[in-house]
Amino acid sequence: MTVAVAGASGQLGRLVVEELLRAGVSPVAIVRDPGKVADLADRGVDVREADYGDAAALDRALAGVDRLLLISGNEFGKRIDQHTNVIRAAERARLRLLAYTSIPRATENPLILAQEHRGTEAVLSESVVPYVLLRNSWYWENYLGGLAHAVESGVLHGAAGAGRVAGAARADYAAAAAHVLTTDGHEGRVYELGGDERLTYDELAQAISEAAGKPVRYENLAEADYAAVLVQAGLPAQYAEALADADTGIASGILDVDSGDLRKLLDRPATPAVEVFRAALRPS
């Protein structure tokens with residue numbers, strides 16, 4: 001059985017490759033720039049070059065592959081077309097399983113960030129390739145970009161109100177994906193993946209405070225005001241809008257995943273937020 005990871009040079013992709021290697025599986029790593037994973041090639045990983053937009057390269061990359069993890073791309077506005085290219089290549093390669101990293105409740109999720117996931121799931125639903133959906137909730141690492149400022153200022157800003165987010169460490173989602181890729185019985189399944197902790201932003205601020213050893217409080221803002229704060233911090237306006245919109249979604253409960261699917265796939269508890277924050281704040 002040959003297992004491939006598309007998007008293997010990204011943060012999640014690398015972690016999945018490492019999980020597969022620990023499980024005794026030598027995966028195919030599909031990347032746009034092989035130079036970014038030269039270290040994996042040095043360790044014997046089969047690195048193949050392909051862009052999600054290059055059908056011929058995808059055909060070459062998927063030759064002989066049985067199972068594929070399609071990690072969603074990062075070119076917003078282009079992702080449905082790009083993912084469709086990968087799905088069509090998977091059909092031509094007659095893959096036995098395609099796992100796709102989606103977002104919680106994708107079919108009804110109103111977030112800006114969910115639209116292309118929903119479109120990709122629609123393409124998959126009409127594909128002949130057996131597939132499984134890994135609907136990942138938030139990574140605790142999503143909050144690391146503003147972690148230093150929150151610790152320094154003593155304030156975590158957001159627009160999530162009292163909504164809860166069921167987050168987990170990126171490594172948890174990677175381990176779940178590796179499990180799905182290396183075990184049977186996942187075809188046709190939809191896994192709503194979220195961590196054991198379902199935290200409000202007040203509780204997130206408490207976790208940051210515990211990790212930093214100094215008080216941090218949560219200050220709730222209107223969505224537009226939070227987007228303005230993110231722009232002021234240096235984020236592009238479109239991305240800031242999407243993140244602020246995501247916080248509004250959290251306020252509505254859309255990322256409050258309580259299925260228990262992640263814990264079942266991991267066969268262990270998910271990583272607590274405070275551990276992720278503590279590791280990020282630890283001197284290198």
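Predicted model: local features only at pLDDT ≥ 70, side-chain atom pairs only at ≥ 80, totals over all residues.
Visitor: How many helices and strands does the chain have?

Guide: Helices (H or I, at least four residues) and strands (E, at least two) are DSSP runs, numbered from the N terminus. The chain has 12 helices and nine strands.

Visitor: What radius of gyration does the chain have?

Guide: The radius is taken over C-alpha atoms, and the globule rule is 2.2 Å times the number of residues to the power 0.38. For 284 residues a compact globule would have a value near 19 Å, and the chain agrees at 19 Å. Its C-alpha trace spans about 55 × 35 × 35 Å along the principal axes.

Visitor: Which residues other than glycine have a positive phi?

Guide: Most residues other than glycine have a negative phi. Here, R94 has a positive phi of about 55°, and D267 has one near 60°.

Visitor: Where is R94, and is it buried or exposed?

Guide: Buried means under 20% relative accessible area, exposed over 50%, and partly exposed in between (1.4 Å probe, protein chains only). R94 is in the loop between α4 (79–92) and β5 (97–102), and is exposed at 74%. D267 lies in the loop between α11 (261–266) and α12 (273–281), and is exposed at 72%.

Terms used: Residues numbered from 1 in each chain as written. Heavy atoms only, no water.
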